[in-house]
Amino acid sequence: MPRLSYEATVRSCFAAYIVQAIINNFVPLLFVTFSESFGIGLGKITLLITFNFTLQLVVDFVSAYTVDRIGYRKCMIAAHFFSALGLFFLAVLPFILSDAFTALLISVAVYALGGGLIEVLVSPIVEACPTKNKEREMSMLHSFYCWGFVGVILISTLFFHLFGTGSWRVMTLLWMIVPLANMISFFFVPIYDIVPEGEKKMGTGNLFSRGIFWLFLLMMIASGASEQAVGQWASAFAETGLGVSKTAGDLAGPCLFAFMQGLSRFFYGKYGDRINLRKMMETCAVLCIAGYLMTSLSPHPVISLAGCALCGFSVGLFWPGTFSIAAGTLPAGGTMMFAFLALAGDAGCSLGPTLAGFVSEAAGGELSSGILAAIVFPCTMLAALLILRKYRRL
């Protein structure tokens, strides 16, 4: 077999983000089906999402101290194995165990382990590849999560339309093929040293003693929160703005948001060599603030929906851009840096919609009030980027 090049590694990492999109976004499409089939309340079923992302946060933290000892190749193969196994359990365990909800929790726990590992591993693996423009590759990498998100919704919806939701176990097993196929590729693709030759890997104390690292953590929290504070409510705006059914709104809203997010990442991935990343992120932060204002203050639902789409486009560069700048600023940060950045980003993903939800409830169910309160997150990102500009001048 001829020796594979780094392009094969990058392609496998692109596919890995599609795997993560599958395990994060397929099960929510089945909530109603699970409720009707197994007699589980929707409130209880939605705990599956919380359980999934909580476990991924734990994996992010543990990975900071274990991945380097185990090795990137073994960890990436394990990540895909657990992703596939979790999907297999999802299709089988509820019909074997007496308690269907316990079966679902076990399935989620297994694939959450895979998803958490993938999130920690893919960015440093791509960053370590000898690519010509690492910032472009990082942006393109993260766009594949968005394309995977859209693909999971559209393909699954089409499948259910043709064969009925009762065939969800077949669809689950079909999705399982993706992580299995990509797992095989990671047996063969080259994986390069994460920390550049000649650089001494930074420990926890050294990393956290750097003020600039705390700034990057703040940027990751703001990135995740800015994205999810609107993204989690995208379906509500689609339903209102387009006057469609709740089911159509659930599909159109998140798909529109993810498509716009992926579009911005793809755009930078294609033309990033001509654009200053930090300046582009500053522009995106301003656009994101404008999107929040359009979404929350406009009296016209269609304009609110357009604001939601603008938010999707503008937040696209926040996460991969912060990863790229951090890697360039702290090249010896290694696995630990990427793991803690992912942990901060995931924490922001939880914080953003939580704040929006609490404020909305306090305002008598006015969702626009919650979105307006969450504008603090893109404002924080803009402030952090302006601070970063001063740091770069020192």
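Select Thr-322: at 0% relative accessibility, this residue counts as buried. Buried means under 20% relative accessible area, exposed means over 50%, and partly exposed lies in between (1.4 Å probe, protein chains only).

You are looking at a predicted model, in which local features need pLDDT of at least 70, side-chain atom pairs count only at pLDDT 80 or more, and totals for chains, interfaces and linings use all residues. Residues are numbered from 1 along each chain as its sequence is written, and side-chain values use heavy atoms, with hydrogens and water left out.

**Stop 1: around Thr-322**

Colour helix H15, residues 318-329; Thr-322 sits in it. Helices here are DSSP runs of H or I with at least four residues, strands are runs of E with at least two, and both are numbered from the N terminus. Which residues touch Thr-322, leaving aside its neighbours within four places in sequence? Show Phe-216, Met-219, Met-220, Ser-223, Met-281, Leu-317 and Met-381. Contact means heavy atoms within 4.5 Å.

**Stop 2: the whole protein**

Zoom out. The protein has 18 helices and zero strands. Its radius of gyration is 20 Å, close to the 21 Å that the globule rule gives for 394 residues, so the protein is as compact as a globular protein of that length. The radius is taken over C-alpha atoms, and the rule is 2.2 Å times the number of residues to the power 0.38. Turn the model about: along its principal axes, the C-alpha trace spans about 60 × 55 × 35 Å.

Of the 394 residues, 54% count as buried. Take the contacts between residues at least 6 apart in sequence: 81% of them join residues at least 24 apart.

The accessible area comes to about 16,600 Å², and 67% of it belongs to carbon and sulfur atoms. These areas come from the Shrake-Rupley method with a 1.4 Å probe; for residues, only the protein chains shown count as cover.

**Stop 3: helix H6**

Go to Val-108, in helix H6, residues 100-128. Is Val-108 buried or exposed? Val-108 is buried, with a relative accessible area of 1%. Beyond its neighbours within four places in sequence, Val-108 contacts Leu-48, Phe-51 and Asn-52. Then pick Ile-191. Val-108 and Ile-191 are 83 residues apart in sequence and 28 Å apart in space, C-alpha to C-alpha.

**Stop 4: helix H2**

Select residues 31-38, which form helix H2. Its buried residues are Phe-31, Thr-33, Phe-34 and Ser-35.

**Stop 5: helix H18**

Jump to Ile-387 in helix H18, residues 376-393. Ile-387 is partly exposed, with a relative accessible area of 48%.

**Last stop: the cysteines**

How many disulfides are there? The count comes to zero, where a disulfide is a pair of cysteine sulfur atoms within 2.5 Å. Select Cys-75, which counts as buried at 5% relative accessibility. Its closest cysteine sulfur is in Cys-13, 13 Å away, too far for a bond. Then select Cys-255, also buried, at 12% relative accessibility. The closest cysteine sulfur to that of Cys-255 is in Cys-146, 11 Å away, again too far for a bond.
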